Amino acid sequence: MSGACARHAGGVIAALWAAALVSAAAAQEAPEAGIEAETEPGTEAETEPGTETETETEAETAAETETETESVAGSEPGSATEAVSRAELEASIAVLETGVDRERERTDEDGGERTEDGNLFEISAATLVTASGGQPETNLLLDDAGWRVEDLLRPRRDLAYPSLWVSMYAEVEMADWLLFRGLIDTREIRDGDTLEPPIDGLAMGGNDAEDELADGTMLRELSAVFAFGAFSAELGRFRSDVADGLVYKDFGAGLRLRLDLDQITDDTPLTLELLLTSIGQRVQDIDNNGLLGFRVDWNLDTFESVSFLVAFTEDENGEVSEVLRSAYAEHVLDDQQKLNSLFLQEEGGGGLAYLGAMAHIVTASYATLDARVVLMTGNLQLSVPLEEITTADDVLAGREVDVEIGGLAADVMLRYGVNDFIDLTGFAVLMSGDEPPRGGDDDRYESFIGVGPLWDWTGLFFSGGINQGLYPNRAAAAGVNGRGVFAIGPGIEISDGDWEAEARALLLSSTVDPPEEPLSGGGKGYGAELDMLGRWRATRWLSLGLEVDLLLPGKFFPHDDLAYLAIGMVTLSNAL
């Protein structure tokens, strides 16, 4: 994996096999996630300063440089097939619904079955065996006896279970200017009893399998790509992102326009992208909240780029303001009646705006720097329970509060290529946090909120369902119930032909004080996490992998039980 993964982190081991699988994107809905390895399909192999590897694959080179891509193998410059690469649409290939990218190379020699006329068909299946336990419970669960407040921040039960995932992806090039793409993805299929809370029968992507099939959720992508020289457009259901997942990264229905000014005039190295999409994973989510984004990529040279972005969303269905409801619940944990009332309140509303920048810079020989920063502002409304509840009608009644929103999210990764086989990395992550809003006048909440983010720096805290609110939702505030995150640590990546390995260690902390004891342990430290992954491509169609993630909880939690996640995986695919 030398020089290949600019930004990724552990979780379900499948992600480490990103270039090996036919899969792509996922939502925070089932957050046992994994490492993200970004690839550009069909890019030419070039060597980037910052690694000593002179023979990197197209996927490895493109993972370090998202903006400089060349024609897809077998396509004409300016064709719809090439536009898929230039618009970074490879991010729409199948995934487990775990926040795990499974992006992979698409070349004639090594990848899916691309025909002479440019069509592509890929199929992958994976069998996993997972063992986990000890993770602090950050979800406020409900059972027949009521809200299980006593379980909050306490260790989750030990689990061991098998699971299955199947994905099929296809591209059909109808003309040089028109390409159709489709993706069917089961996501993780497992026994519903292994979920928390458990459900009867099989689960698919963390939900009842029958419901998922009835909803058509397996149809993850169906879109048409049009390309005319420097201009390309994608219309339909596809995967998109804002700030590479800091704000949003998911499937949705919409329109994406892209204009490469460098193809029009050589002295204008800019690429413009306009995105209008629904925020949703399911086919019927087309009427969900909308997201409007605009991005400018400034290609400094072959291996360096700077991007600027703005994005806007209006909370028409209350999904974003649900983050505030989750935070506010902390104030009424000792009152089951008020918890019921809070849960039954009408949906909120409001809107958010984002302004950000991203950079990929060669800092020195064999060293590169990747950085992202996003500022957030807005206003959200929320209905909360009455101060006193004396009648049944009072449970449904509530009072509306208006909350001013602000926040910051940033991360940085420094990579140094020691030799052809070893990369050393250093990471830092900062996402602002805040204590829950009080529900009074002039309330302000400064925890960073992503409308559908993919935060996957580690496999347990971020991708394993610890970084979430009391009521988990697609929109998410940073940290445990919005208390922010600061994380820092080193990593190492080793690769040699058909095998690759990675280890990463991070210290994690909240940015504000924890809840009062005895709910918490009284300190800001989330703990120390160590993630270790390995993969061996046994044959062109078979790969084996193993992931082990360990988290030693800090004083933020009222216990110090070791949390663990271990996953073994066998993958069969024509896209390895």
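Q: Does Asp-193 count as buried, partly exposed or exposed?
A: Buried means under 20% relative accessible area and exposed means over 50%, with partly exposed in between (1.4 Å probe, protein chains only). The relative accessibility of Asp-193 is 44%, so this residue counts as partly exposed.

Q: Which residues does Asp-193 touch, not counting those up to four places away in sequence?
A: A contact needs heavy atoms within 4.5 Å. Leaving out residues up to four places away in sequence, Asp-193 touches Arg-157, Pro-198 and Ile-199.

Q: How confident is the prediction on average over the protein chain?
A: A score of at least 70 is reached by 80% of the residues, and the chain average of pLDDT is 82. Take care with residues 1–77, where the pLDDT is below 50 although this stretch has 365 contacts in the model beyond near neighbours in sequence. Residues 81–110 are also below 50, with 196 such contacts. The average for the chain is 82.

Q: What share of the residues of the protein chain counts as buried?
A: The chain has six helices and 27 strands. Among contacts between residues at least 6 apart in sequence, 68% join residues at least 24 apart. Of the 576 residues, the buried share is 60%.

Q: Which residues of strand 19 point to one face and are buried?
A: Side chains alternate along strand 19 (residues 422–431).

Q: In strand 19, what is the bridge partner of Asp-411?
A: Two strands pair if DSSP finds at least two bridges between them. Strand 18 (residues 399–417) and strand 19 pair in the antiparallel sense over nine bridges, and they form a hairpin with four residues between them. The partner of Asp-411 in strand 19 is Val-429.

Q: Which residue in strand 23 does Thr-425 stand opposite?
A: Strand 19 also pairs with strand 23 (residues 485–496), in the antiparallel sense and over 10 bridges. Opposite Thr-425 stands Gly-491.

Q: Seen down the axis of helix 5, within what arc do its buried residues fall?
A: An α-helix has 3.6 residues a turn, so residues three or four places apart point the same way. The buried residues in helix 5 (residues 336–344) are Lys-338, Leu-339, Ser-341 and Leu-342. They line one face of the helix, because their arc (taken from the directions from the helix axis to the C-beta atoms) is within 160 degrees.

Q: Which residue caps the N-terminal end of helix 5?
A: Look for a side-chain oxygen that lies 3.0 Å from the backbone nitrogen of Gln-337. That oxygen belongs to Asp-335.

Q: How far apart are the C-alpha atoms of Gly-484 and Asp-434?
A: Gly-484 sits in the loop between strand 22 (476–477) and strand 23. Its relative accessibility is 0%, so Gly-484 counts as buried. Gly-484 and Asp-434 are 50 residues apart along the chain, and their C-alpha atoms are separated by 6.7 Å.

Q: What value is phi of Asp-244 near?
A: Most residues other than glycine have a negative phi, and most peptide bonds are trans. Ala-243, in the loop between strand 11 (231–242) and strand 12 (248–260), has a positive phi near 60 degrees. Asp-244 is found in the loop between strand 11 and strand 12 too, and its phi is positive, near 50 degrees.

How values were computed
Residues numbered from 1 in each chain as written. Heavy atoms only, no water. Helix = DSSP H or I, 4+ residues; strand = E, 2+ residues; numbered from the N terminus. Polar contact = N/O pair within 3.5 Å; in protein donor to acceptor, adjacent residues only side chain to side chain. pLDDT = per-residue confidence, 0-100.
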